[in-house]
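Notebook open, model loaded. I'm jotting down what I look up as I go.

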Amino acid sequence: MAIIQLSETLINQIAAGEVIERPASAAKELIENALDAGATRIEIATAGGGKALLRVSDNGSGMDAADLELAVRRHCTSKISETLEDIRTLGFRGEALPSIGSVARLSIASRRRDSAGGHEIAVAGGKIAHMRPAAANPGTIVEVRDLFFATPARLKFLKTEKAEAGAITEIVKRMAIAFPAVRFVLSGSDRTTLEFPATGDDHLARMAQVLGKEFRDNAIALDAVREEISLTGFAGVPTFNRGNSAHQYAFVNGRPVQDKLILSAIRGAYAETIPSGRHPVAVLSITLDPALVDVNVHPAKSDVRFRDPGLVRGLIVGAIREALARDGSRAATTGASDMLRSFRPGFQPNSQRPQTAWSAETSPSRPYQPTTGFGERPQASFDGLSMPTARAEPQFSPQPAEPEPNARYPLGAARAQIHANYIVAQTEDGLVIVDQHAAHERLVFEAMRKALHSKRLASQVLLIPEIIDIPEEDCDRLMQHAAELSELGLAIERFGPGAIAVRETPAMLGEVDAHGLIRQLADEIAEWDTASGLSAKLEYVAATMACHGSVRSGRRLRPEEMNALLREMEVTPGSGQCNHGRPTYIELKLSDIERLFGRS
C-alpha cells in the first residue's frame, strides 16, 4: 500500500482527538489563551453542557487581522520561538484553535486596544471562511457551536449534559484559584450563574470563594523552599476532609495540573492522619525554573514531568508535615457545627402536628416535673465520683500538682468524665469534649514514632538468607538505598547481577514476606526514587501497637489523669486526630453555647 500525505483537515481532526476530548477540554484551552493575553475579566457561557455552545469572552490584548489568519492554522503561536526549555505561558503548542475548528463551528472576533475596529474569522469542519470586519470591544470573543458535528462518533462517548457542564465548572474553578486577580463569570442556559470576583493578591480569599468559607477557617499556610524550588499554598487540617480527592488543587508555575506524583505526595503527607476512604483538602503552588519541568508530556498539558521528582515529592511531604506539626492539631470547625446541629431541637409545623385533644399531662406548657435525668434515683450513681480539679500534670501521675502560675492551656481544665470515655474540659472561651482513647492512642503512637526515627531499628538475622531474583536495574536502585534500608533494620546485599540477598529483616515486623517486600520497594523506588514504603509499613505497625496500648474506652480517670492527658495533647504534634484520622476532640465556643440558649 502506497504512503500518502494526509489532508490538513484530517491531520487537525486527528490532533483534535488528543487535544479536545470533551467540551471541558475546549473550555480549558480557550481560557488559557485569554489568560495568556493578559485578560483581567473572563466570561464563559455554555449551552447543552458545552456541546451546543461554548463562548469565552475576555478583555485581553486582542488580535489584528494578520494574527487571526494565523491563529486558526496549526502550529502557529506567539508564545514560544525556538526552544521548549523556557515555557512561561499556559499555551504554546498552537494546536487548540485549529483542532476545535476541525470538529466544530468556530468563530473568533477580536480587536486590539489600539485599533479602530475589529475582525472576525470563522472555521467550520476544518474549512476556513474569509476574514471580515466586525464590531468588537477590545479583547477577544471565541464562540464554539455544535462541537464534534464533523466527527459524530465522538459524540457517542460524551456524558450527559449535566456531567459535561459540571466538568466545565471544575475547569473554571481550577483556573480561578490559580489566577485570583482575574474575574471569572460562568453562565448559560444549562446552569446557574457562577461568579468569582477578583481578589487581587489575596489567594486565600479566592480559595474561600471556590472551596467555601469553611476552608479559610481550617487551612494552614504553606511556605517552603528547597534547592530553588518553592512551595506555597494552604493545606486543610486533617479533620477537615472530604469523600474524594476533587478538592485537591495543584499548580506548577501557575499551570493547573493533575499530576499523580503531586497527588501521591499529598496522600503520603497525610498518612496516619486521615481516615480510610477520606481525602484531605489542599491547594499547592509549585514554582521552579521552567527548564526543570517538562510540560510538553501530553497535548492536554495536564501532566508534567519533573527533572528531580524525588526532590519535589520530598518538598511537598516535608512542608505539609511541618505545617501539620505546627498547627494541625486543632480540630476542624465543622465538628462544632455538626454538634450544634445535633443540639438544636426539631421543629414540626402546625400542619404536621397530630390533631389530638388537649390534656394537662401532655401539654408543653405543663409544670416541669423531673422524672428522669436529674432525679434523685438516676443521680445516685454519681455519688461515688470525686469532683474534678483544674490541676495539671505533665505526665500520668497519681500525685496531684499545682498548675504553673499564669500558664495558658488551650485545651483548658478537665471538669468531668462522662460515659467513662469522654472528658469535658473548660477553656477560656468555651469547652472541649475529648475522646480519651483516641487522644491517648495518638500520644502513644507519636512517642513510638519518635523512637523509631531516633536510632537504628532492631533487626532479626535470618538463618538462611532469602535470595530474590529481580531485574538488574531494580537491583541497582535497591543497592543505592542499602544504607537507608539498613537503618530501618533491612540488611541486603548484591547476589549476582540479577538477585538480592536479604540477611536481616526488621524485628518489629515479625515474620516478613521478604520477596513481596523487596519487589514492592523496588517498584516504589523505580517510580518515585524513594524507599518510604518500609518506613510507612513500620509506622503502620507502630500505630496498631499504640491502639492496643492506649487508655481504653470505659476506664474511669482521676481528675489529675484527665488534666495530664490534656497537657500532653497540647504539646504533641497531630494530637487533633487519632492514628485512624478521627478527631480526638471537638471544641465549642461560648458564643455557640449562648446561641443555643438564645442569649446572643
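Is leucine 324 buried or exposed? I looked it up: leucine 324 is buried, at a relative accessible area of 8% (buried means under 20%, exposed over 50%, partly exposed in between, with a 1.4 Å probe and protein chains only).

Ground rules before I go on. This is a predicted model, where local features need pLDDT of at least 70, side-chain atom pairs count only at pLDDT 80 or more, and totals for chains, interfaces and linings use all residues. Residues are numbered from 1 along each chain as its sequence is written, and side-chain values use heavy atoms, with hydrogens and water left out.

**Entry: around leucine 324.** I find leucine 324 in helix H10 (helices are DSSP runs of H or I with at least four residues, strands are E runs of at least two, numbered from the N terminus). Proline 238 is 86 residues from leucine 324 in sequence, yet the C-alpha to C-alpha distance is 8.1 Å.

Entry: In soluble globular proteins, nonpolar side chains tend to be buried together.

I then took isoleucine 262 and listed its contacts (heavy atoms within 4.5 Å). Leaving out residues up to four places away in sequence, isoleucine 262 touches Ala250, Val252, Val257, Leu284, Ile286, Phe306 and Ile316.

**Entry: a sheet.** I traced an open, antiparallel sheet of three strands in the order E22-E24-E23 (two strands pair if DSSP finds at least two bridges between them). Strands E22 (459-469) and E23 (491-494) are the edges, each pairing on one side only. E23 and E24 (residues 499-506) are joined by four bridges, and alanine 491 has glutamate 504 in E24 as its bridge partner. Helix H14 (residues 472-480) lies across E23 and E24, at about 135° to E23 (axes are lines fitted to C-alpha atoms, for helices over the stretch in contact, with angles from 0 to 180 degrees between N-to-C directions).

**Entry: confidence.** I looked up pLDDT, the predictor's confidence in each residue, from 0 to 100. The protein chain averages 81, and 78% of the residues score at least 70. Over residues 346-355 pLDDT stays under 50, and I count three contacts there beyond four places in sequence. Residues 364-403 also stay under 50, with 49 such contacts. Where pLDDT is low, the predicted coordinates should not be read in detail.
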